[in-house]
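The sequence and structure come before the text.

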Amino acid sequence: MSFTVGKGQLEEPVELLRIALDERVFVKLKGDRELVGTLHAYDQHLNLIISDAEETLQKAELDEETYEQIVRQERRKLQLVYVRGDTVFLVSPLLRHTGTFL
Amino acid sequence: MLSGEQSSASGPGSTAGEYEGQAPATRTPTHFLRKVLGRPVVVKLNNGTEYRGTLVCLDGYLNIVLENSAEFLNGELKRRYGDTLLRGSNVLYVGTIPD
Amino acid sequence: MSDALVDDLDKRVLVYLRDGRFFLGYLRSFDQYGNLTLEDATERVVVNDEAFADIPRGLQVFRGENVVLFGAVDSEQRELEFLRKLRRVTEEEIRRMEQAVAEDHAALRRRERLEWPAFDDGAL
Amino acid sequence: MFFTAILRTLIGEDITVELKNDLSIRGRLEAVDQYLNVRLAQVQVHTAAAPPVLQLLHGSCTVRGSCIRYIHLPVEKVDTELLQEATRRVAAATKETQTMK
Amino acid sequence: MAAHANQPSLYPLELVDAAVGTRVWIILRGAREFCGILRGFDEYVNLFLEDVDEYTYSEEGIEKQHIAQMFLNGSQICVLAAAPTLDGSQQLGCAYVPSSTT
C-alpha cells in the first residue's frame, strides 16, 4: 500500500517526530499512562527515547471500606527512558499545540 | 453529537451509479483516505477514544497526523492538541465530519 | 544473542510466562522464535507469598511469544532462602488455597458492581 | 535495527527493564537482538510486590522485547545530541529508500 | 472442504465483492457494530463505507453515531453480513453479551 500523500513539509506521519526531536512531546501510552518529556530518538515502530520526563498514571482503585471506585493519579520522574513503540497511542509535540492544553 | 447530517450521506466524489463486479478504483478504501486529506475527520481508536481534527497525512500502516485536534472519550472533550501523531495499529476507523 | 543463550543450555532455568505461571527445569533447546524446551519441568505455584507447591510437568515446550523471561537458577543458596520463607504444601492444598483467593476476589468484584456498574469498553 | 544499535552501545552498563506487568528488573546489559530482546547479567528484581519465585534467578536472564514497557537508561552514558543526529540520519536514509521504491 | 469438483467455489472475498453497493452489517471485536453502504474494500478487507450508523453497546445502553463516509480497519472485523431487515427477524446488538453476565 502506498497512499502516502501530504501537504507542506510532512510527507510521512512519522516525520512529525523528526520535527519534534529535541523538543518537549506529550505521549499517550496503553494502560492510562501519559508522558511529557524531551524526544531524542524514534523509529518507524514509534519506539522512543525520552529524557526529563514526567509520567502520569491513572489508576482506578476500589476503596476497601466504601467499595467506591476512586481514580488516583500517580506521578513519577523518568530521567532517560526507552519507550517500547507498541504501547504508544499518540505522540504530540507540545510546542505545536495551538489550542488550550487541558 | 453528530446529528442532522443524514443528508450529507453522499459526500464529495460519490457519484450515482451501479456497481458490477470489482469495485472501481475510485471506491477503494485507499482512495477515500487520499480524498479526505486536508479535510476534517474523526479517527476512532480501538479503545473507543475519538480524535477530531484536520487530516494532515497518513501512511500504509494507518499512522495518522491530525492538525488542531481534540480528544473525546464517551463524547466528552478530554484534551486539545496542535499536531498529533496517532499510531496506526490502534486505529479503528477514519470518518468524515461536516466542515 | 543466541551466543549468550547457549550459556543457559542444560542449566536449570526459571521460565516466567505471560499468564503469570512459573516453571523450573533443565533448558534443553531453544530456537530463533524464543521457543523453549524444558526437561524434568515442574510448575511452581505460589499462593499469597506464603505457600507453594511443585507440580511435575515432565518435558515441556513453551511457545516463545508466551515467555516473559527466563534465566538460570542454579543457586542452592537462593533455593534455601526461598524454602525458608515459603511453606511447601501438596498440589491439592495449593489448589484449595488458590480457590479461596479467587472467591475473595469475586466477592469484592460483586460488591464493586453493585455500587458502580463498570463501563465495558470491550476492545481493551 | 536502529534501536538495537542504540541499546548495543549500552552493553556492559547497568539498566532497569520495566515490564508491561509492572515488574522491574535491574542488571548489566549483556546482549540485545533485532527484536529488542534483552539479556541482563547479575539480575536483581526489585519491585516490592514481585513474585518471590523470581528471587531464584541467579546470574543472567533473558527478557522478551515485546513484554517491555520502558528501559531506564543511565543518563551519563548517553549523548542525546549524538542520538538526535543519528535519528535524523536514519530518517533521511529511510526516506531515500522509500522514494527509490 | 470444496463442495464438489464441478461446482464453482466462491471465495470469501468474492462474497464481499458481491455485497458492494448494498447495505451491510459489520460486527467488530468488542461491543461495536456498524451498518452502512459498502462502497469498496481492499485485500485486508479494510472497508470504504457510506451513510454509516455506528452502534456502541454498554451497560448504560446503546449509543448511536452517524458518519457520512468512513474507512474501517479490517483487522477488527468479526462478521460482515447483509444489513438487518426492517421486519426485526435480525436485530442489531444480538451479538453483544454484557460483561456482567460472564
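An unreviewed UniProt entry places the feature "coiled-coil region" at residues 73-103 of chain C; UniProt positions follow the numbering used here, feature names are shortened, and annotations may be inferred rather than shown by experiment. In the model, residues 73-103 of chain C are 74% helix and 6% strand, with end C-alpha atoms 33 Å apart. Helices (H or I, at least four residues) and strands (E, at least two) are DSSP runs numbered from the N terminus.

This is a predicted model, in which local features need pLDDT of at least 70 and side-chain atom pairs pLDDT 80 or more, while totals for chains, interfaces and linings use all residues. Residues are numbered from 1 along each chain as its sequence is written, and chains are lettered from A and ligands numbered from 1 in the order written.

Chain D puts 21 residues in contact with 25 residues of chain C (C-beta atoms, placed from the backbone, within 7 Å). On the chain D side, strand 4 of chain D gives the largest share, three residues.

Strands pair if DSSP finds at least two bridges between them.

| Strand | Partner strand | Bridges |
|---|---|---|
| strand 5 (residues 67-72) of chain C | strand 4 of chain D | three |
| strand 1 (residues 40-45) of chain B | strand 5 of chain B | five |
| strand 5 of chain B | strand 4 (residues 61-72) of chain E | three |

C:Gly71 has D:Cys61 as its bridge partner, B:Val41 has B:Thr96, and B:Tyr93 stands opposite E:Leu72. Strand 5 (residues 91-96) of chain B is largely enclosed by the rest of the structure, because six of its six residues are buried (20 or more other C-beta atoms, placed from the backbone, within 10 Å of the residue's own).

Key:
Contact = placed C-beta atoms within 7 Å. Buried ≥ 20, exposed ≤ 12 C-beta atoms within 10 Å, placed from the backbone.
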